[in-house]
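Hi everyone, thanks for coming.

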Amino acid sequence: MEDAGSVVAFWALAALTLGAAVVTAAVRDLVRAVVALVLSFLGVAGLFVLLSADFLGVAQVLIYAGAISVLIVFAIVLTPRAARDNAETAMLWPALAIAGALMGLVIAVALATDWGDEAREGFRETASAIGEALLNRYVLPFEVASVLLLAAMLGAIVLVRED
Amino acid sequence: MSIGLEHFLVLSALLFGVGLFMALSKRNIIGILMGIELMFNAVNLSLVSFARFLEAAERLSGQVFVVFSITVAAAEAAVALALAVAIYRRRESVDVDRINLLRW
C-alpha cells in the first residue's frame, strides 16, 4: 500500500481505533466506555475495508458496532443497582505490567520476523467468494456454527429467565 | 512511506494490550467483557492483515476464519452478558471483588 490515500487512511484509522480503545479503558463511566468502544469497533471496520475485506467490514459494523454494543448497554441497564464506575481492582499495576510485557513481546516478534510479504494486489469483491467458500470447503464448520449459535441463544434465555 | 504488514501487526498488538489490561484489571464484569471484545477485535485485525499480505488472492481462508471468529464472539458475548445479569440477580452486584464464593 504505497498510495497517499491508503497511508493517510491507515494512520487516521489507527489513531481512531487505538485512541478510542484507550479512552474505553481510562474513562470513569461505563456508558461512556461503551460509546468509546463503538468508536473503536468502527475504526477496526475501516481498517478491514482498507485491507480490502469489504464483507468483513460490513459484518463488523453490523455485529460489533451494532449488536454487541447494544447487548452491553442492555447488560448495563439491567444491573441498575450495581456500581456504574469503570474502576480497577487492586490488580491495576500487575495487569498493566503483564499487558505491557505481552504487547512489547508481540511487537518485537512482529518487527523482527521477515514475513516475506510482496506487494500483492488486494482482494476483489470478497462477499461472493466468502459465500462460496462457506458452502463448499467450510460447510462443516458453517453448520457447526449454526448449532453453536442455537446453543448460545438457548443458554442465554435459560440463564436470565425469571422463575 | 508505504504501509506494510508490520504496521497492522503492531497496531493489533497495541489493541490487544489495551484489551488485556481491561480484562485483567476492571472491577465491573461488564468492563472485563469490553476488554475481551477488544482482544477479539485485535486478533481479527491481525488475521485479516495476514490474509491480505500473505495469502494468495484466490484463497480466502483468513477471512473465512474471521467470519467464524466473529460468530463465536457474538455467542460468547450473549452468554457472558446473560451470566452477568444472572449473577446480579442473585448477589445484587457485578463487582468481581465481591463475587468470591469460591475463595478458600
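Let's begin with a question: at roughly what angle do the axes of helix H1 of chain A and H1(B) cross? Keep in mind as you look that this is a predicted model.

The angle is roughly 10°, and the two axes come within 9 Å. Angles under 35 degrees count as roughly parallel, so H1(A) and H1(B) are roughly parallel to each other. On the chain A side, the residues making this contact include A:Phe10, A:Trp11, A:Leu18 and A:Val22. Facing them from H1(B) are, among others, B:Phe8, B:Leu11, B:Leu15 and B:Phe21. Sorted by class, the contact of H1(A) with H1(B) has 14 nonpolar residues, three polar ones and no charged ones.

Which residues meet here? From H3(A) we have, among them, A:Leu56, A:Tyr64, A:Ile68 and A:Ile72, and from H2(B) the list includes B:Ile30, B:Met34, B:Phe40 and B:Val48. The contact of H3(A) with H2(B) is made up of 10 nonpolar, three polar and one charged residues.

So much for those pairs; let's step back to the whole interface. In total, 71 residues of chain B are in contact with 86 residues of chain A. The two chains bury about 7100 Å² between them, and 76% of that is on carbon and sulfur atoms.

And how many salt bridges are there between chain B and chain A? The count is one. B:Lys26 pairs with A:Glu88, with the closest N and O atoms 2.7 Å apart.

Which elements of chain B give two or more residues to the side that touches chain A? They are helix H1 (5–25), helix H2 (29–54) and helix H3 (61–91) of chain B. H3(B) gives the most, with 22 residues. Taken by class, that side of chain B has 49 nonpolar, 12 polar and 10 charged residues.

Notes: Residues are numbered from 1 along each chain as its sequence is written. Chains are lettered from A and ligands numbered from 1 in the order in which they are written. This is a predicted model: local features need pLDDT of at least 70, side-chain atom pairs count only at pLDDT 80 or more; totals for chains, interfaces and linings use all residues. Side-chain values use heavy atoms; hydrogens and water are left out. Contact means heavy atoms within 4.5 Å. Buried area is the accessible area (1.4 Å probe) that two parts lose on being put together, summed over both. A salt bridge is a side-chain nitrogen of Lys or Arg within 4 Å of a carboxyl oxygen of Asp or Glu. Helices (H or I, at least four residues) and strands (E, at least two) are DSSP runs, numbered from the N terminus. Ala, Val, Leu, Ile, Met, Phe, Trp, Tyr, Cys and Pro count as nonpolar, Asp, Glu, Lys and Arg as charged, and the others, Gly among them, as polar. Axes are lines fitted to C-alpha atoms, for helices over the stretch in contact, and angles run from 0 to 180 degrees between N-to-C directions. Angles under 35 degrees count as roughly parallel, over 145 as roughly antiparallel, 65 to 115 as roughly perpendicular and the rest as oblique.
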